[in-house]
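Hi there,

Here is the structure I promised to pass on. Have a look at it first, and then read on for what turned up.

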Amino acid sequence: MSSSLNKIYDHAPIWFQNVMSNVYGVKVYHQRYGRVYREYKRELERCEKLPREAQRAIQLEKLRTLIAYAIEHSPFYRELYGDLEPEDIQTLADFAQLPSVTKEMFRQNINRIITIPRKGAIEWHTGGTTGKSLIGLRTIDDMQQRMATLDHFKERHGFVNRKMRRASFNARYVVPPGYAGKVFWRDNWSVRQRVYSSFYLTEENLLYYVENLQKFRPQSIDGHPSRIYEVASFIERNGIKLNFQPIAVFPTAETLTPQYRQTIESVFNCPVRDQYASSEGAPFVTECPHGKLHYDVFSGVIEPYSIDSDEILITSFTSYGTPLIRYAVGDCMVFATEDEMCTCGNNTPLIRSIQGRLGNYLLTANGSKVMEANLGGALKYLPNSAIQAQFVQEAIGEVLVKIVVDKALFVATDIASVLNELRHKFGEGTDFTIEYVDEIPCEKNGKQRLVVNNIRNI
């Protein structure tokens with residue numbers, strides 16, 4: 001929603017906030033579920049059962065089509081690839097000889113990469129785990145194919161989106177800052193979804209969340225695993241007996257730790273089924289009913305960045321608005337061997353483990369956690385101008401935000417939107433200090449931390 005609509009939402013009664021949420025939900029519904037969605041979902045059901053050699057042939061053809069499109073429509077890729085012809089890519093080994101694209105290259109050239117007008121496109125935002133802000137565009141077809149892939153994954157586990165009740169714990173802004181009531185959720189009736197705010201999950205409030213879950217009786221739960229874990233841990237610690245059993249829990253946006261999985265599965269008495277994608281539009285990796293992670297070759301290419309690292313490069317077949325080709329997304333995976341197969345009926349390649357996106361957090365004045373993924377999202381209000389950022393907390397009620405900006409693109413007034421987003425996430429009682437710096441030093445492991453929490457040992 002726009003800033004003016006946000007102001008109306010903040011001061012509206014809950015019933016009208018639900019109405020506003022559903023008006024927005026209907027708009028999103030038509031963007032996500034249409035002819036392309038239905039056709040692509042049927043295609044997935046057919047293709048995942050093909051022999052792996054046939055799947056690779058489909059992947060290679062999709063790859064050539066994407067490269068041809070990028071060369072024709074993107075000045076950046078046309079310059080990057082020179083005289084390359086798509087037919088020159090006969091194997092994935094040929095493809096691996098093309099230059100890779102770093103996040104900084106991507107950020108600096110974003111306007112030469114985007115291939116479609118902003119009008120009618122769908123924006124994606126990412127602050128990322130490195131603090132580098134990016135805004136790109138997605139076509140309606142891109143979005144519908146991504147939703148088809150996600151819903152197909154869930155249907156393999158028995159959950160049918162839009163027909164079954166869904167509880168979501170994510171970074172969506174549904175409760176205004178300074179809210180003093182105890183209703184920490186809003187409804188999106190168009191898809192039978194109840195969205196629970198992740199920013200009020202304190203020990204004092206958790207009982208209200210659990211009582212409402214008991215009334216709603218969701219058939220699936222999705223969202224940040226760290227937040228779902230907090231709810232499950234509270235239920236477990238207090239010996240609460242649930243009157244519902246979800247079909248499955250679908251975590252997203254953070255790494256699923258063994259502790260999270262064990263507690264969530266035990267409390268909700270259902271399987272946790274992991275998935276990987278990204279705000280930019282990375283290819284999907286999803287967990288099958290046999291507990292194996294499958295790399296969806298129909299949504300893109302995932303490859304090692306180098307032979308001595310688990311970092312990956314991604315190429316997305318659902319990124320025609322802002323092509324992602326051999327893009328260093330900043331996540332890590334361990335690949336299974338080429339000949340390893342699963343007996344679930346899906347013949348796509350396997351991933352041993354997803355290692356990126358470990359959840360880090362800062363604390364609000366009332367002791368609730370604001371996770372790393374949520375903090376990165378605040379940087380979307382510095383469109384493509386934040387080179388690096390870091391959130392530092394030395395004491396409750398204080399957060400220092402260090403930012404390295406591209407002075408050619410940075411607009412000082414955009415900081416007000418960043419601060420407004422942070423206040424929505426932290427609520428009242430936290431002071432934010434912005435510090436513009438020339439550099440944010442790397443850690444000993446060579447990585448840059450988005451979150452530095454000196455209140456506790458991370």
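Which residues of helix α10 (residues 206–216) are buried? They are L206, Y209, V210, N212, L213, Q214 and F216. Here, buried means under 20% relative accessible area, exposed means over 50%, and partly exposed is in between, with a 1.4 Å probe and protein chains only. Helices (H or I, at least four residues) and strands (E, at least two) are DSSP runs, numbered from the N terminus.

A word on the source: this is a predicted model, in which local features need pLDDT of at least 70 and side-chain atom pairs count only at pLDDT 80 or more, while totals for chains, interfaces and linings use all residues. Residues are numbered from 1 along each chain as its sequence is written, and side-chain values use heavy atoms, with hydrogens and water left out.

Contact means heavy atoms within 4.5 Å.

Now the chain as a whole. It holds 14 helices and 20 strands. Its radius of gyration, taken over C-alpha atoms, is 22 Å, close to the 23 Å from the globule rule for 458 residues, so the chain is as compact as a globular protein of that length. That rule is 2.2 Å times the number of residues to the power 0.38. The C-alpha trace spans about 60 × 50 × 45 Å along its principal axes. Of the 458 residues, 56% are buried. Among contacts with a separation of 6 or more, 67% join residues 24 or more positions apart.

C344 is in none, and the nearest cysteine sulfur, that of C342, is 3.6 Å away. C344 is buried, with a relative accessible area of 19%, and C332 also counts as buried, at 17%.

Lastly, a proline. P271 sits in the loop between α12 (258–268) and β8 (275–276). Its relative accessibility is 29%, so P271 counts as partly exposed. Leaving aside residues up to four places away in sequence, P271 touches I247, A248, V249 and E265. P289 is 18 residues from P271 along the chain, and their C-alpha atoms are separated by 8.8 Å.

Best wishes

Key. A disulfide is a pair of cysteine sulfur atoms within 2.5 Å.
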